[in-house]
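Please look at the sequence and the structure shown here. The text that follows takes up a pair of packed helices and then a pocket.

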Amino acid sequence: MKVLVGLSGGVDSAVAAYLLKEQGYDVTCCFMRNWDSYANGDIAGNPTIQDDTCPQEQDYQDAKAVAEHLNLPLQRVDFIKEYWDYVFKTFLSEYEKGRTPNPDILCNKYIKFDAFFDYAMKQGFDMVATGHYCSNMTEGSFTYLTRAADTNKDQTYFLCQVSPAALHKTLFPLGKLTKPEVRDIAARLNLESVATKKDSTGICFIGERNFRQFLSNYLPSQDGDIVDVDTGKVVGRHVGVLYYTIGQRKGLNIDHEKGPWFVIGKDVQKNVLFVCHHTHKEWLYSDSCLVKGINWIVEDKDEIPEKCTCKFRYRQPDQDIYLKVLDDTTALVSYPQKIASVTIGQEAVFYDGFKCIGGGVIEEVYVDGQDLNGKILSTYQERING
């Protein structure tokens, strides 16, 4: 069976390629280049812009060293246009609206399991493979997405928007391994270019950036007032509402008012950032949300349970929820126990035990049947109107 492995220049995909070769697959590696700093205007906030070798090129050299060490062929493809059109433009559009998108989910949906997947199929490969920490399981003719053995590294959250058709033709060799075991395998194989290499962080395929400076390359920002929702009083100045996320505590620079303070909402049109004092953290809590654009990873919609668990952000412990499916891609998610910092623009990802059954974008957040951000805005108006 011919398998095309996405080889990133990191330790996880390197060990994935080795394991597949050991299991008898006909393995070819492929390095994806999806970002060009100069062509894409990635100047401000880029700590490596003056380096002789850009990080993407170093990653390619590391991937090349792995492929040569494992005696596997290596291809190189560019999806720079696809990344810009389908991932980055969406990323910017969401931030412009004051929302908080997840680029890793967009990247998996549109690049790794769309552009790359289609490329592999057109090249005559039977399967693709990646170094994600997750598993899949085929029952009958349908393939489910399941959690990794390493619960600390499980990446099913980021794969919730991958189509069932792509999952059916994908291998996840690291599903039963822990990160330390992967590092040990790389060290034992003398994969020197990746064995001790730090995990990639930052924006998917872009890397570490000074985030505010980075966004300033593409989105104009304007400073404005930070307002205490309970008093209507201006307690500080923000540097642009798009730079803040719900629940944020650090980096608010509210120095003359004793805190801590938490971001609870935004008025993008009026450029106001709303906060609450830590003694009024009830503003952070909601009891339901509307989720749209859901990608269900189930064979039959009847499998969707009314009661299951959800993660509203990566690494969050599973939250007990109730699902009310409204149409094929929309659901009302209820959590009577109330949960803090459920954020518009982020992903709600659903689990039925060890199966990840899909996920979608949080569009509206409610408390006691009222839109939470609307409640914040109306409370502010009442305060300033006396």
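A crossing of two helices is called right-handed if the near helix is turned clockwise from the far one by less than a right angle, and left-handed if the turn is anticlockwise. The structure to which this term is applied here is a predicted model. In the model, helix α3 passes helix α4 in a right-handed crossing.

Two packed helices are described by the angle between their axes and the distance between the axes. Helix α3 covers residues 80-96 and helix α4 covers residues 103-122. Their axes are 9 Å apart, and the packing angle is about 160°. Angles over 145 degrees count as roughly antiparallel, and α3 and α4 are therefore roughly antiparallel to each other.

Which residues of α3 and α4 meet? From α3 come E82, Y83, Y86, V87, T90 and F91. On the side of α4, the residues are P103, L106, C107, Y110, I111 and A115. The residues of this contact between α3 and α4 divide into 10 nonpolar, 1 polar and 1 charged.

The largest share, 4 residues, comes from α8. By type, the lining of the second largest pocket has 10 nonpolar, 9 polar and 4 charged residues.

Definitions and conventions. Residues are numbered from 1 along each chain as its sequence is written. This is a predicted model: local features need pLDDT of at least 70, side-chain atom pairs count only at pLDDT 80 or more; totals for chains, interfaces and linings use all residues. Side-chain values use heavy atoms; hydrogens and water are left out. Axes are lines fitted to C-alpha atoms, for helices over the stretch in contact, and angles run from 0 to 180 degrees between N-to-C directions. Helices (H or I, at least four residues) and strands (E, at least two) are DSSP runs, numbered from the N terminus. Angles under 35 degrees count as roughly parallel, over 145 as roughly antiparallel, 65 to 115 as roughly perpendicular and the rest as oblique. Contact means heavy atoms within 4.5 Å. Ala, Val, Leu, Ile, Met, Phe, Trp, Tyr, Cys and Pro count as nonpolar, Asp, Glu, Lys and Arg as charged, and the others, Gly among them, as polar.
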